[in-house]
Amino acid sequence: MKNELNKILASQPKYRLKQIIQAWFDVDKNSYEEITTLPLELREELKSFPWLTVKLHSIYKSKIDDTEKALLELADGNLIETVLMGRQNLKEDSEAGDRYTICISSQVGCAMNCSFCATGKTGFKRNLTAEEIIDQYRFWQRYVSPSYQEGVAFAMSSGRMGGVAEARQISNIVVMGQGEPLLNYDNLKQALNIILQNTEIGPTKITVSTCGIPKFMDKILEDKEFPQVRLAISLHSAIEETRKKIMPSHTSGFLEYLVEWAKKYSEVITSRSHFIGLEYLMLENFNDDEKHLKALKKLASNFSRVRINLIPYNDISTGKLKTTAREKIEHWHEELMKSSFVCTIRHSQGQDIAAACGQLCNKVLEK
Ligand code: SAH
């Protein structure tokens, strides 16, 4: 955690940090001064501290769906993307109000350089700190709160506003923004644990997406402190030669490794509600023929609990890659369902506001 914060708290009892962290997640609190359970002197000392480590640089609202994308500025001037995706609740559950999924980043830029990904084009800058990961959640938490929406941005609201304050909630988090989360293992782990401890979000409501880093996938199997969140592997092809071409991070033998790893994973995490996600970006005439479909079925049949997510490609104008036609994606979907796999087609939100991760950052950086 913040070194300076640790310095200030060095002479304080241990529970002070817990009090501070709890206050971070209270949308009615917007400064350290408002944490009245802390001694006055400590509150004074904390004044020099930014309440949020991210600052809103710009926000883009989709005109076609309930998606908003924010560019956040970090203390060192770097920019990261984070997305809010609305999901209206089913009618029978209308009491619960609106639910949102947020997509958060784990690094500034990314070193993986996947050829279909806009973030990779800028290269890797640095890991996000645990606070910067947490603060993307805190940013949206305040953003959806009624006091912000009424224009009293980050100001203290005069108490909770009946049912309304509870009506807009972030219910899911996907770590699918910029960066490779497993390469920022310690900060990611700390941030997710703090979010889990201080919100009502449960571990199965959080998905961490990775291009697959064996060293850290192994670590997850042994690390009792790594939260039991859902994991999604960006597969994109069950044929090694194809995968290698678009994912430079691919290590030979990864597909065999993945099958073995998944077996161990299902022994470690025995909960029935857990499954491994396989993400499959559909690229025309590249990984979308019958040979690739057969290979995917064969690979996926080795997993005891698996969900396949077919992703229409958001064109980032590389000129080389194109998305597969909708009918063909639907054909794959049907075929996979016929073979008894749980399979979904990702509904791409925010098409008009640079939907693919990294696209928005690049646009602003180009300017
Ligand atoms: N590095 C991690 C997380 C970031 S990418 C990973 O590789 O999983 C999150 C997801 O978005 C991945 O499944 C990735 O393949 C997908 N993605 C990246 N660029 C995309 C694009 N242009 N169109 C559609 N999906 C994309």
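## Cavity

The lining of the largest cavity is made up of six nonpolar residues, three polar ones and one charged one. In this classification Ala, Val, Leu, Ile, Met, Phe, Trp, Tyr, Cys and Pro count as nonpolar, Asp, Glu, Lys and Arg as charged, and the others, Gly among them, as polar. The model is predicted: local features need pLDDT of at least 70 and side-chain atom pairs count only at pLDDT 80 or more, while totals for chains, interfaces and linings use all residues. Residues are numbered from 1 along each chain as its sequence is written, and side-chain values use heavy atoms, with hydrogens and water left out.

The lining residues are Ala 262, Tyr 265, Ser 266, Ile 269, His 274, Phe 275, Ile 276, Phe 303, Ser 304 and Arg 305. Helix H10 (residues 254–268) contributes the most to this lining, with three residues. Helices (H or I, at least four residues) and strands (E, at least two) are DSSP runs, numbered from the N terminus. The structure has one cavity of 30 Å³ or more, and about 70 Å³ of space lies in the largest cavity. A cavity is a set of points, on a 1 Å grid over the protein atoms alone, where a 1.4 Å probe fits but cannot get out; lining residues have an atom within 4 Å of a point. Grid points are joined across faces, edges and corners, and the volume is the space filled by probe spheres set on the points.

## Ligand contacts

There are 20 residues around the ligand, and Phe 116, Ser 209, Ser 234, His 236 and Asn 314 come nearest.

Polar contacts are pairs of N or O atoms within 3.5 Å. Glu 180 places a polar side-chain atom 3.1 Å from a nitrogen atom of the ligand. For Cys 211, a polar backbone atom is 3.5 Å from a ligand oxygen atom. A polar side-chain atom of Ser 234 lies 2.6 Å from an oxygen atom of the ligand. Taken alone, the ligand exposes 530 Å², of which the protein buries 94%; accessible areas come from the Shrake-Rupley method with a 1.4 Å probe, and for residues only the protein chains shown count as cover. Strand S8 (206–210), strand S10 (276–282) and strand S11 (306–312) are the elements that give two or more residues to the shell around the ligand.

## Positive phi angles

Asn 285 is not a glycine, yet its phi is positive, near 55°. This residue sits in the loop between S10 and helix H11 (290–300). Asn 285 counts as exposed because its relative accessibility is 68%. Buried means under 20% relative accessible area, exposed over 50%, and partly exposed in between (1.4 Å probe, protein chains only).

Ser 340, also not a glycine, has a positive phi of about 70°. Its place is in the loop between helix H12 (326–338) and strand S12 (342–345). With a relative accessible area of 65%, Ser 340 is exposed.

The loop between S11 and H12 holds Lys 320 and Asp 315. Lys 320 has a relative accessible area of 78% and is therefore exposed, whereas Asp 315, at 43%, is partly exposed. Lys 320 is 204 residues from Phe 116 in sequence, with 9.2 Å between their C-alpha atoms. Asp 315 and Ala 354 are 39 residues apart in sequence, and their C-alpha atoms are 9.5 Å apart.

Ile 239 is found in the loop between strand S9 (230–234) and helix H9 (240–246). A relative accessible area of 15% makes Ile 239 buried. Along the chain, Ile 239 and Ala 295 are 56 residues apart, and 6.5 Å separates their C-alpha atoms.

How values were computed: On a 1 Å grid over the protein atoms alone, a cavity is a set of points where a 1.4 Å probe fits but cannot get out, and a pocket is an open set with protein on both sides within 12 Å along at least five of seven lines; lining residues have an atom within 4 Å of a point. A residue is near a molecule or strand if one of its heavy atoms lies within 4 Å of it. A polar contact is a pair of N or O atoms within 3.5 Å; within protein, one must be able to donate a hydrogen and the other to accept it, and residues adjacent in sequence count only if both atoms are side-chain atoms.
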